[in-house]
Amino acid sequence: APLPLPFSGRRRPRDYQPSIEDGSAAAMTMSGTISRRRRAASPSPRLLLAVTTLVVGCAILFLPSLTLSRRANRRLSAAATAGAAVDETVHSTSIRSARDRMRAVVAGRAALNKVNNNSNEEEQRHRSLQRSSAENGAPMAQKAASIMGDAASNIAKVVADTNRARSANAGRKLVSTTAAESHLDGSDGRRLGLGSTLSDAATSAGIPDSVVGTIGSALNMLAGAANGVRNIARERQLAEVWDSPTLYDTPTFWHIPKAGGTTVIRYYAKCRGLVEARGGKADDANAVAVTENTDTGNKFVNVDTSSPDGLRRARELGLAQSGLADIVIAQNLHETADLYTPEYRGRFFSLFRHPIDRAVSLFYYRQIAHWEPTYNPALKKISLEDYANSHGGEKNWMVRMLVNKENGGTLDRSDLEIAKEVLRRKFVVGLMSDMAESLERFDRYFGWHDPANAEAMQCKDELTSKKGAVNSNKHASAEEGSPAWEGLARHNELDLELYDYVLELWEAQQHILEMQRDGSAPTSDGAVQAQAEEAVATE
């Protein structure tokens, strides 16, 4: 049996080594086993050196990288912080820039409104000054105008005498032609009312145009203030004949009684189907609207443009701004002009008739037209000659309406010149004696011309024929040179001269409208005048 192990049943000490003296082979075997295990468990010095070298090498390799990584992280963090700050700054700057732009827009609109308000206030002050001058300062203004007129006459006389002396050897003279007087050119003071004699004399003597213009402007202003004249040729809410049209312009027909106006109205309502704003179509609505006549199919705006009160209501309702009316028809010229603004302008056109023929027609018409406010059956009891020599007939009606003196007041040559200027700058003119051509011009000027519309063209032909005449009545005429003719001519002397000027405009505008169709129309006052005069001279 094997011998029992020493220290059986208790733990051996760590330093126990079995020896030969134990007398046991098992002890020897155990001792060898334990020695091998200890040698295997204890690392060799070479292994320790290798491990140490590896650890140190790794530390040397990776420690700088770790340090650099930490620095990079800090730099990236700083860059991110700076980027965020930049983004915030840019965002704030963008917001401020947007706010600045918005403030600039608001300020611009405020400035524009202020300019418009100032312009309106200036216009109102100007009209108020005219009314005040007409009511309270007429004597003083007349006296000042007389003094200025005498001074201007003396200047013209001195200059004319000087020029006559200078040009005596050549036999030249200073002359004033009717054409030069009637065609008012703004470049040398003629449009200001001086006339060609003073203007040419001042130019020849070396007097600056600004001085001539100042004198003429002062004379016109004083004369206008004294007479209560309103020159709508200078007002921006009415388009010039040669101005380029805009979508906001409203064609406006000045209806002269017994001059073929009813035919024009019927033509545009029936043949062209235009929406009209004219007399007798008002209702109680608080806004403008288009209504239709169920019997005729004609369309109207619910306003009354036949009276000053109706025109004021139309202005308050914003007729021009609404754009509902294709054409406005009225007789009260200046109240009609007040419908418009410099942005929403009116474009005037009218049909004219010889003043004597018109006066005779009106005399017979008032005898039978019981639907008209001017109806007067008592006229049946008097002759045309008695009527012509009485004070009951019209007296220069066209000039009075054009210069805002329809309610009375004395007319003079300056009123006639203003009336001419208004027609030249603001009106496309037509003639009752050439109705078809007049309608053709109106259609082309306002863009209504449509030759492909056979129905409209046939309707036009019917209306312009003698059988299709509207609101006409047969009556006797006045022979030129007869007592009736002479009596009517005395009361309408200025209207007769104005009609002669209308005939000149009729010829001149023919060329202007042709150039407009060709794309070579003049675009300024001086250019229009030059081309018109050249065209008339060529003929």
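A salt bridge here is a side-chain nitrogen of Lys or Arg within 4 Å of a carboxyl oxygen of Asp or Glu. This is a predicted model, where local features need pLDDT of at least 70, side-chain atom pairs count only at pLDDT 80 or more, and totals for chains, interfaces and linings use all residues. Residues are numbered from 1 along each chain as its sequence is written, and side-chain values use heavy atoms, with hydrogens and water left out.

**View 1. Aspartate 243 pairs up with arginine 345.** The closest N and O atoms of this salt bridge sit 3.2 Å apart. The two partners are 102 residues apart, with aspartate 243 in the loop between helix H6 (209-227) and strand S1 (250-254), and arginine 345 in the loop between helix H10 (333-337) and strand S6 (346-352). Helices (H or I, at least four residues) and strands (E, at least two) are DSSP runs, numbered from the N terminus. Arginine 345 has 12% relative accessibility and counts as buried; buried means under 20% relative accessible area, exposed over 50%, and partly exposed in between (1.4 Å probe, protein chains only).

**View 2. Aspartate 443 meets arginine 272 in a salt bridge.** Their N-to-O distance is 3.5 Å. Aspartate 443 belongs to helix H15 (residues 435-446) and arginine 272 to the loop between helix H7 (261-271) and strand S2 (276-277), so this contact ties together parts 171 residues apart in sequence. Both ends are buried: aspartate 443 at 0% relative accessible area, arginine 272 at 15% relative accessibility.

**View 3. Lysine 420 and glutamate 417 form a salt bridge.** Here the closest N and O atoms are 3.9 Å apart. The two residues are three apart in helix H14 (residues 413-426), which means about one helical turn separates them. Lysine 420 is buried, at 8% relative accessible area.

**View 4. Helix H11 (residues 355-368) is largely enclosed by the rest of the structure.** Twelve of its 14 residues are buried, among them Phe363, Tyr364 and Tyr365.

**View 5. Leu47, Val51 and Val55 make a nonpolar surface patch of about 260 Å².** Such a patch takes residues with over 30% relative accessible area and no salt bridge, joining nonpolar side chains (Val, Leu, Ile, Met, Phe, Trp, Tyr) within 5 Å and like charges within 9 Å. Areas come from the Shrake-Rupley method with a 1.4 Å probe. Valine 51, in helix H2, is partly exposed at 43% relative accessible area.

Methods
Expected span 1.5 Å × (residues − 1).
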